[in-house]
Amino acid sequence: MNKDDFLRELAAELSDLSEKDRDDAIKYYSDYIDDAGYDAETVIAELGTPGAVAATVRSESPVIRETADIPNPPANPEIVNPIPVIKQNKAERRLPAWVIVVLTLLSPVLLALALVSLVIVILLVLLILAIPLLLAALTLGSIAGGMTLLIAGITITPHYAPPGFFSMAVALGLVGFGCIFLILTCICFTRILPGLFGLFFSGKKKVKKEGGME
Amino acid sequence: MKRKVITMIFTAGAALLDAIVLAVVNSDPDGTYGYKITQDVRTILDVSDSTLYPVLRRLMKDECLEVYDREFSGRNRRYYKITEKGRAQLNMYTGEWYAYSRRLNRIFTGESLIYEGTGEDEDEQR
């Protein structure tokens, strides 16, 4: 069958398609035959009959030849018994010998380094946790001290005015500082600490979520 | 013409074919033509001669590919070129394939499936 006959028959097979769809298909196969670069009759024979090609054009997905003769597991002993294969794979995944030797030699140093880093991390965490506690203590101390001084000042003033006024002034100052510390403590507990906890635990949460997805 | 026969034990679904064709077309910045696409795909999949046309048509309908005709040795040859949308689609397919093949390899090598790793590949899926 020559190219013109093939395309004419293909067009006839596709006569129910819209003109554009038909022309697109004809153009594709016309180009294909020209571009194959060898004898058109052979190309057409490989493409199949116009009816078969028309069926392909209509189909949603292409035909992939499934090779029935390939899966022949008994011929391959490794596939018959998959366990040795897996063992072999695990062996291949092991670290090379020199890496193991170097790691063994370095292990005391690495251990010490790991311990030191752990201690530093723990200290940092304690320090961070200590700051809000310190602020809370300062708040409590200033306010309590201020209040005591104020009462003392009020009691002294009728008897001996100057130190009474002085202690009342100091007391008010202390209460003022106490208020500032109180605000800082509140900020610490509501903003900074949850943020830090978020930093520490976000990694874990993420892993959990992914575990759920798998 | 005798070609090297590609044996296929695993069948390729429509999405994988779309991805392969997009990748093949994308590899040529000026676009490429039907016969060459078929030959390139045939280096990895045993598709028969006539069958890539539906894939190309589907990708054109989805606006992942566009066509234009260009003069070649005295005739107009139709070229297929990837669009921006097609490139985005190809990126998505590539990422998906990477994550999927990593998980497959993990199973084949007998690695624990519970192993979370660094979470890199899981992140890429999203």
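In this predicted model, chain A carries a nonpolar surface patch of about 840 Å². The residues that make the patch are A:Leu95, A:Trp98, A:Ile100, A:Val102, A:Leu103, A:Leu106, A:Val109, A:Leu110 and A:Leu113. One of them, A:Trp98, belongs to helix α7 of chain A, which covers residues 97–156. A:Trp98 counts as exposed because its relative accessibility is 60%, and the cut-off for exposed is over 50%.

**Confidence in chain A**

The mean pLDDT of chain A is 77, and 75% of the residues score at least 70. Among the elements of chain A, helix α1 (residues 3–13) has the highest confidence, at 91. The lowest is found in helix α5 (residues 77–80), at a mean of 45.

**Chain B as a whole**

Chain B is built from five helices and three strands. Read from the N terminus, the order of its elements is α-β-α-α-β-β-α-α. The chain has 126 residues, 43% of them buried. It exposes about 7,000 Å², of which carbon and sulfur atoms supply 56%. Of the contacts in chain B between residues at least 6 apart in sequence, 54% join residues at least 24 apart.

**The sheet of chain B**

The three strands of chain B make an open, antiparallel sheet in the order β1-β3-β2. Strands β1 and β2 stand at the edges with a single partner strand each, so each has one side without a neighbour in the sheet.

Strand β3 of chain B spans residues 75–82, and six of its eight residues are buried. Its pairing with β1 (residues 32–33) is antiparallel and rests on two bridges; here B:Thr32 has B:Tyr80 as its bridge partner. Between β3 and β2 (residues 65–72) there are eight bridges, and these strands also run antiparallel. Strands β2 and β3 of chain B form a hairpin with two residues between them. In its turn, B:Ser73 has a positive phi of about 40°.

**Helix α2 of chain B**

Helix α2 of chain B (residues 34–42) is largely enclosed by the rest of the structure, because seven of its nine residues are buried. These are B:Gly34, B:Tyr35, B:Ile37, B:Thr38, B:Gln39, B:Val41 and B:Arg42. The cover comes from both chains: the buried residues of this helix pack against α2 (19–36) of chain A. Within chain B, they pack against α1 (14–26), β1, α3 (53–61) and β3. Strand β3 of chain B, itself mostly covered, is thus a packing partner of helix α2 of chain B as well as a pairing partner of β1 and β2.

Note on methods. Residues numbered from 1 in each chain as written. Chains lettered and ligands numbered in written order. Predicted model: local features only at pLDDT ≥ 70, side-chain atom pairs only at ≥ 80, totals over all residues. Heavy atoms only, no water. Buried < 20%, exposed > 50% of the residue type's maximum accessible area, 1.4 Å probe, protein only. Helix = DSSP H or I, 4+ residues; strand = E, 2+ residues; numbered from the N terminus. Pairing = 2+ DSSP bridges. Patch = residues over 30% accessible without salt bridge, like charges linked within 9 Å, V, L, I, M, F, W, Y side chains within 5 Å. Areas by Shrake-Rupley, 256 points an atom, 1.4 Å probe, with all protein chains shown as cover. Salt bridge = Lys/Arg side-chain N within 4 Å of Asp/Glu carboxyl O. Contact = heavy atoms within 4.5 Å. pLDDT = per-residue confidence, 0-100.
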